[in-house]
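This report goes through a set of local features, element by element. The sequence and structure come first.

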Amino acid sequence: MAFEPETALGQERPVKNDKWINEHMLSLDDVIWKELHGGYRIPYDVSIALRSMRDGIDVWDELWNELHHQGDVGVASYAAVPQIVSIAAAATTRDWNFYGLLATIEVERHRKSNPALPAWLKADYDSAWVRTSALALTDLGLETDSTTIQAILGVVALAKGELKLGAMLSNLDASELDEMLEEQFAWSETYDEQGR
């Protein structure tokens with residue numbers, strides 16, 4: 001499933017603006033955060049880390065550790081996505097952590113052992129992914145770091161509904177890429193990376 005702007009009567013509507021998204025997504029003050037499970041399958045109140053992130057504190061390590069654990073994600077992971085996107089959209093730059101974590105959550109959301117995306121969260125989650133796709137395409141033109149570029153490409157594939165391609169791009173490390181290119185294309189013998 002690709003994340004597309006909502007349509008009505010076959011007409012595409014514009015993506016909801018930032019003010020609408022911020023007013024309608026799950027508030028960081030909502031008590032439900034305390035009940036949602038993260039990657040360890042126990043309650044994890046991610047709103048605390050998200051408030052810190054909003055205040056400019058680097059909480060990426062905590063989010064990576066708590067929202068995803070060995071392929072497991074939970075409803076707290078899904079609920080965090082719209083807030084992470086809102087916070088990251090307000091930042092002047094975004095790095096691989098933003099794109100990598102969102103891609104990981106989206107890929108693992110499809111794992112059969114993980115919970116389904118709740119109906120009450122679907123609209124916010126889908127809107128966040130539409131917004132993420134737009135951010136990714138903007139950042140792709142500015143980015144020079146290969147890790148971030150790869151994470152962005154994974155997100156773009158996922159946003160277009162290409163789950164397998166997005167999973168591959170998001171999870172492939174440099175040595176695996178080199179090995180695959182050698183096996184499939186005899187890369188070092190066939191191609192000149194330095195240009196002509």
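## Backbone at two loop positions

Q70 is located in the loop between α3 and α4; helices here are DSSP runs (H or I, at least four residues; strands are E, at least two), numbered from the N terminus. Phi of Q70 is near 50°, a positive value in a residue other than glycine. At a relative accessibility of 68%, Q70 counts as exposed, where exposed means over 50% relative accessible area, buried under 20% and partly exposed in between (1.4 Å probe, protein chains only).

R41 sits in the loop between α1 (18-24) and α2. Its phi is also positive, near 65°, in a residue other than glycine. R41 is partly exposed, at 35% relative accessibility.

## Basis of the values

The model is predicted: local features need pLDDT of at least 70, side-chain atom pairs count only at pLDDT 80 or more, and totals for chains, interfaces and linings use all residues. Residues are numbered from 1 along each chain as its sequence is written, and side-chain values use heavy atoms, with hydrogens and water left out.

## Packing of α3 on α5

Helix α3 (residues 60-67) packs against helix α5 (residues 96-109) at an angle of about 10°, with the axes 11 Å apart. The axes are lines fitted to C-alpha atoms, for helices over the stretch in contact, and angles run from 0 to 180 degrees between N-to-C directions.

On the α3 side, W60, L63, W64 and L67 meet W96, N97, F98, G100, L101, T104 and I105 of α5; contact means heavy atoms within 4.5 Å. The residues of this contact divide into eight nonpolar, three polar and no charged. Nonpolar covers Ala, Val, Leu, Ile, Met, Phe, Trp, Tyr, Cys and Pro, charged covers Asp, Glu, Lys and Arg, and the others, Gly among them, are polar.

## The largest nonpolar core

The largest nonpolar core has 45 residues, of which L63, L67, I84 and F98 touch the most other members. Such a core is a set of buried Ala, Val, Leu, Ile, Met, Phe, Trp, Tyr and Cys residues joined through side-chain atoms within 4.5 Å. Two or more residues each come from α2 (46-54), α3, α4, α5, α6 and α7 (146-159), and α4 gives the largest share, 10 residues.

Leaving aside neighbours within four places in sequence, I84 is in contact with L50, W60, L63, L67, F98, L101 and L102.

## A88 in α4

A88 belongs to helix α4 (residues 75-90) and is buried, with a relative accessible area of 7%. Not counting residues up to four places away in sequence, A88 touches R94 and F98. The C-alpha atoms of A88 and L135 are separated by 9.2 Å, although the two residues are 47 apart along the chain.

## Aromatic pairs

The structure holds four aromatic pairs. Rings of Phe, Tyr and Trp (its six-membered ring) pair if their centres lie within 6.5 Å; planes under 30 degrees apart are stacked, over 60 edge-to-face and the rest tilted. Y78 and Y125 form an edge-to-face pair, 6.2 Å centre to centre with 80° between the planes. This pair links distant parts of the chain, Y78 in helix α4 and Y125 in helix α6 (residues 119-140), 47 residues apart. Y78 is buried, at 0% relative accessible area, and Y125 is buried at 0%.

W187 and Y191 form a stacked pair, 4.3 Å centre to centre with 20° between the planes. W187 is partly exposed at 25%, and Y191 is partly exposed at 41%.
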